[in-house]
Amino acid sequence: MDRRLFLKGSSAGVIALALASDKVFTSCSKAGSASDLPAIQPAGNYDVVVCGGGPAGFIAAIAAARGGARTALVERYGFLGGMATMGYVAPISEFAFAGERVIGGIPWEFIGRLEEMGGAFVEWPKGNVDFDIELYKLCAQRMVLEAGVDLYMHSSLVGCELEGSKLENVIIENKNGLESLGAKRFIDATGDADLCNLAGVPLQPHEDGEVQPSSFCFVLSGVDTDSELLQRYMHHSGRNGASECKPIREKLLKLKEEGTVLPDFGGPWFNNVMHKGSVAVNITRAAADSTDNRDFTAAECRLRENIFTFTEALRKIAPEFKDCYVASTAPQAGIRESRRILGVHTVTAEEYVSGMKYPDSISRGAHPIDVHSGKGTGQVLIRLQQAAYVPYRALITKDFPNLLVAGRCISADRKALASLRVQASCMGLGQAAGTAAAQSLKEGKAVQDIDTSALVLRLSEMGAIL
């Protein structure tokens with residue numbers, strides 16, 4: 001069997017190493033012996049390795065560990081939470097449809113524990129969740145460690161080893177150097193499908209050559225959060241109409257009409273962070289490819305400038321913001337769309353909006369299809385007819401027997417993704433992926449061959465609302 005190692009090197013680009021008897025590797029510029037490669041030290045062998053500690057990933061790791069699997073979680077930052085904590089994307093959207101909760105189990109347990117810590121407030125009837133960013137990090141960390149998961153923080157995924165189409169190891173890089181983590185099952189919860197891309201999993205093309213824009217969110221302090229304006233618009237229950245702050249939006253659009261040079265923007269959306277005088281702000285936008293280092297770096301530099309441009313504009317046009325200042329910016333810009341796998345089944349917008357239920361439905365979605373324009377200030381919202389479903393087959397590919405995905409890199413078309421990408425949905429998908437990984441080990445079957453009726457039953461017993 002052909003054993004191959006794909007390693008994303010810092011100087012050689014992508015190195016492909018054929019682990020055959022001659023042990024020869026090739027790169028974009030040279031060929032030599034395997035001894036020329038940097039040493040890769042084994043760091044551990046697991047039942048399940050989850051790559052990515054965002055809403056999908058940390059929930060997947062908990063689910064796998066609770067299912068009896070010895071589990072490791074790899075995260076490139078020093079904290080968990082993904083777009084919630086490294087992107088300041090708030091609120092956590094959305095757990096309910098028409099006042100009825102549709103996401104349960106471990107994700108809802110997390111919300112309950114965060115609420116007990118004083119770090120969450122549920123906005124009914126939509127089930128959007130306001131949260132304290134730092135307490136979110138702490139709560140996620142506690143639950144992961146309590147489940148017995150081994151954490152590999154500050155670790156970048158840089159490669160993987162396959163035997164045929166079966167993943168054997170992932171390669172991570174951190175202060176210890178290059179390390180390998182072996183596992184029987186792997187879950188890609190990186191958001192950008194980084195592991196799948198390294199392994200050669202078929203990916204879906206961008207349907208129109210574009211992706212939704214990134215937004216660099218930030219926290220403003222010195223805001224009059226007791227004002228009528230903020231009390232109405234920083235809470236996203238749906239009772240007060242659209243969540244975007246229309247009065248501020250109209251003032252910003254008027255400034256543009258009058259000739260003031262302002263960057264493209266969305267919303268704006270002001271979000272409760274559980275502290276008087278502070279709000280998380282989602283307003284900036286720029287078309288960017290998060291899988292291209294140069295493009296994403298350039299976009300973030302523009303967006304950081306835009307943060308301060310908009311802060312100054314808010315001071316001038318809104319008395320509620322006259323004393324505001326940038327208290328913190330997210331560690332990175334938020335990403336709405338990037339790579340998606342081509343799975344056994346691709347969820348379409350038509351299936352999703354109509355609430356089509358599949359025999360292997362393993363999670364739900366409640367958020368509208370929400371497509372942000374890459375240029376300008378536009379946005380398209382498509383309301384769901386009822387809460388949507390996601391089949392297990394969207395989490396797996398045809399030819400990789402021990403690989404699952406969770407989060408926004410699942411197999412969905414662009415419009416369906418525009419709803420599924422939100423955090424509550426990603427948590428539900430993570431719960432399903434982690435549970436399925438543990439089940440496939442117990443059954444001794446490839447992820448494509450597990451008993452999906454047993455998976456659905458197990459998820460329901462865990463509290464998933466299917």
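A crossing of two helices is termed right-handed if the near helix is turned clockwise from the far one by less than a right angle. The legends below refer to a predicted model.

**View 1. Packing of helices α2 and α3 in the predicted model.** Helix α2 spans residues 106-116 and helix α3 residues 133-146. The crossing of α2 past α3 is right-handed. From α2, the residues I106, E109, F110, R113 and L114 take part in the contact, and α3 contributes L135, Y136, C139, A140, R142, M143 and E146. By class, 8 of the residues in this contact are nonpolar and 4 are charged, with no polar residue among them.

**View 2. Surroundings of F321 in the largest nonpolar core.** This core comprises 145 residues, and F58 and F321 have the most contacts inside it. Beyond its neighbours within four places in sequence, F321 contacts L220, V223, L229, L230, F270, V279, L314 and R315. Another core, of 5 residues, lies apart from the largest one; L5, V158, I171 and L178 are among its members.

**View 3. L262 in the loop between α6 and β16.** The loop that holds L262 runs between α6 (246-257) and β16 (265-272). L262 has a relative accessibility of 10% and counts as buried because this value is under 20%. When residues up to four places away in sequence are excluded, L262 touches L252, L255, K256, T309, F310 and A313. Between L262 and N306, which are 44 residues apart in sequence, the C-alpha to C-alpha distance is 8.4 Å.

Terms used. Residues are numbered from 1 along each chain as its sequence is written. This is a predicted model: local features need pLDDT of at least 70, side-chain atom pairs count only at pLDDT 80 or more; totals for chains, interfaces and linings use all residues. Side-chain values use heavy atoms; hydrogens and water are left out. A nonpolar core is a set of buried Ala, Val, Leu, Ile, Met, Phe, Trp, Tyr and Cys residues joined through side-chain atoms within 4.5 Å. Buried means under 20% relative accessible area, exposed over 50%, partly exposed in between (1.4 Å probe, protein chains only). Contact means heavy atoms within 4.5 Å. Axes are lines fitted to C-alpha atoms, for helices over the stretch in contact, and angles run from 0 to 180 degrees between N-to-C directions. Helices (H or I, at least four residues) and strands (E, at least two) are DSSP runs, numbered from the N terminus. Ala, Val, Leu, Ile, Met, Phe, Trp, Tyr, Cys and Pro count as nonpolar, Asp, Glu, Lys and Arg as charged, and the others, Gly among them, as polar.
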